[in-house]
Amino acid sequence: MAVSDKPVTIIASDRAPSTDEFIKGLWRENPVFVQVLGMCPVLAVTNSGANALAMGLATTFVLVLSNALVSALRSFIPKQVRIATFILIIATFVTVVDYLIQAVSLDMHRALGAFISLIVVNCLILGRAEAFASKNTLGRSILDGLGMGVGFTFALLCLGGVREILGSGSLFGFALFPAGFQPWIVMILPSGGFFTLALWLLLFNRLKARKAARGVTGEAAA
Amino acid sequence: MMSPAAQQSGASRPPAWPMYRALVGVGLVCGLLIVTVFVLTGPVIVRNEAAALQAAVFQVLPGAVSSRSFTLAGDDSLRPAVDGDDPQATVHAGYDAMGELLGIAIPAQGMGYQDVIRILYGYSPQREAVVGMQVLASKETPGLGDKIEKDPAFLANFRALDVALAADGQSLAQPVSVVKSGAKTSPWQIDGITGATISSKAIGNMLWHSTAYWVPRLYPLQRELARGGGEHGG
């Protein structure tokens with residue numbers, strides 16, 4: 001297995017941008033459910049679907065642009081100062097997105113509060129800059145950032161949707177239940193974030209374990 | 001000439017110029033980018049903030065279609081507000097379609113359960129009452145403290161909250177006070193919210209302090225404010 005893997009990776013680093021760079025972030029290397037990165041915004045701003053979507057899009061924006069700039073400058077940045085430079089680039093795009101959200105919707109800016117500025121310290125973004133963008137071409141880095149960003153947004157929506165449905169009885173502000181429904185307030189409080197994340201991780205790990213088990217039996221059969 | 005020892009240590013250190021070039025270069029590009037976005041979005045953000053304030057003024061003064069902002073001058077007279085005035089010391093007179101003064105929207109703030117709560121409330125000198133209240137900013141607990149923003153029964157307290165002046169004109173006849181939910185008996189009392197005691201008391205306290213300061217000052221100025229509407233109702 002390991003022997004057959006090796007040449008594939010070498011070819012992978014030479015080939016042109018492919019859809020795989022995009023798709024891997026959605027599921028196989030999902031930043032939240034598989035890599036468990038960026039837990040601060042995952043837990044803090046997913047108390048409603050709209051907040052989760054806005055946070056996901058803001059993070060995707062920063063991720064794609066910082067990946068692009070890091071990749072474009074990768075031969076220009078000496079390795080001794082790379083982390084400082086990456087943080088500078090990431091902080092710039094976070095400031096940009098902060099102003100853009102204020103210009104689009106003050107209410108959204110108020111709802112996300114300090115967590116927009118905290119995108120700077122989201123280890124997902126620095127992680128992709130260091131692990132991927134600094135070693136890959138511009139096109140592949142953009143696709144990687146886009147895939148990871150969409151995967152991150154998908155994960156935030158998974159949490160935000162469940163928490164809003166149970167905690168407020170609505171989804172994206174539309175009431176789902178008759179007036180008698182008593183919302184589970186705990187779900188929109190911080191503890192609800194941990195409960196929901198735990199259940200999603202449980203589901204993902206179950207799926208992974210099942211797939212692994214099936215792969216082993218499939219190989220044995222072959 | 002460098003000594004051999006210095007040369008040796010210099011050779012083991014990485015060259016400084018590429019690092020310097022990378023940090024300064026990237027810093028310059030990033031700085032330019034931020035300034036560009038700031039300049040482009042700045043006017044839009046200011047416009048959004050003004051629109052949000054305008055909407056809040058119309059919300060707390062039902063029927064208002066135009067407004068003008070004033071700030072207190074040193075001798076307790078009003079002058080039109082200009083950019084840079086303290087927003088907490090600026091009030092907004094609201095006028096109906098005929099240019100008649102409907103009331104004055106007044107900002108207030110105070111400590112809630114989590115953080116400072118900022119509100120805007122409408123004061124009607126004709127009715128000597130608070131006629132509307134809106135929470136502008138709060139970080140109260142979702143599902144509990146944030147009921148101060150949405151709970152219809154709580155917001156109904158501010159449709160006709162009595163803030164009449166005492167006979168001397170210097171203080172309120174009855175200060176605004178918060179009572180337990182359902183225990184309201186007088187028009188100057190606010191029915192609190194069960195489960196949001198601290199947040200609803202915070203609103204009451206803000207109103208108590210703010211009305212005690214503003215009502216004795218604004219009540220005598222209502223004619224001046226009414227004229228302000230006739231001249232510039234726009």
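Val36(A) is partly exposed, because 13 other C-beta atoms lie within 10 Å. On this scale a residue is buried with 20 or more other C-beta atoms within 10 Å of its own, exposed with 12 or fewer, and partly exposed in between, the C-beta atoms being placed from the backbone. This is a predicted model, in which local features need pLDDT of at least 70, side-chain atom pairs count only at pLDDT 80 or more, and totals for chains, interfaces and linings use all residues. Residues are numbered from 1 along each chain as its sequence is written, while chains are lettered from A and ligands numbered from 1 in the order in which they are written.

Val36(A) sits in the loop between α2 (19–26) and α3 (39–44) of chain A. Its phi is near 50 degrees, a positive value in a residue other than glycine. Phe172(A) also has phi near 50 degrees, positive and again not in a glycine. Phe172(A) belongs to the loop between β1 (170–171) and β2 (174–175) of chain A. It has 13 C-beta neighbours inside 10 Å and so counts as partly exposed.

Now the chain around these loops. Chain A has nine helices and two strands. Helices (H or I, at least four residues) and strands (E, at least two) are DSSP runs, numbered from the N terminus. Along the sequence the pattern reads α-α-α-α-α-α-α-α-β-β-α. The C-alpha atoms of chain A fill a box of roughly 60 × 55 × 25 Å along the principal axes. Of the 222 residues in chain A, 38% are buried. Two residues are in contact if their C-beta atoms, placed from the backbone, lie within 7 Å. Among contacts in chain A between residues at least 6 apart in sequence, 77% join residues at least 24 apart.

Helix α4 (residues 49–72) of chain A comes next. Its 24 residues should span 34 Å at 1.5 Å a residue, and its end C-alpha atoms are 34 Å apart, which agrees. The expected span is 1.5 Å times one less than the number of residues. In α4(A), 17 of the 24 residues are buried, so the helix is largely enclosed by the rest of the structure.

Asn51(A) lies in this helix. It is buried, with 22 other C-beta atoms within 10 Å. Beyond its neighbours within four places in sequence, Asn51(A) contacts Val45(A), Thr46(A), Ala111(A), Leu112(A) and Gly160(A). Asn51(A) and Ala111(A) are 60 residues apart in sequence, yet 7.1 Å apart in space, C-alpha to C-alpha.

How many residues of chain B are in contact with chain A? There are 22, and they meet 25 residues of chain A. Helix α2 (residues 16–60) of chain B supplies the largest share of chain B's side, 17 residues.

Helix α5 (residues 82–104) of chain A packs against α2(B) at an angle of about 10 degrees, with the axes 8 Å apart. Axes are lines fitted to C-alpha atoms, for helices over the stretch in contact, and angles run from 0 to 180 degrees between N-to-C directions.

The largest nonpolar core has 45 residues, and Tyr121(B), Tyr123(B) and Val130(B) have the most contacts inside it. Such a core is a set of buried Ala, Val, Leu, Ile, Met, Phe, Trp, Tyr and Cys residues joined through C-beta atoms within 7 Å. Helix α5(B) gives the most to this core, eight residues. Apart from it lies another core, of 44 residues, among them Met55(A), Val64(A), Ile77(A) and Val162(A).
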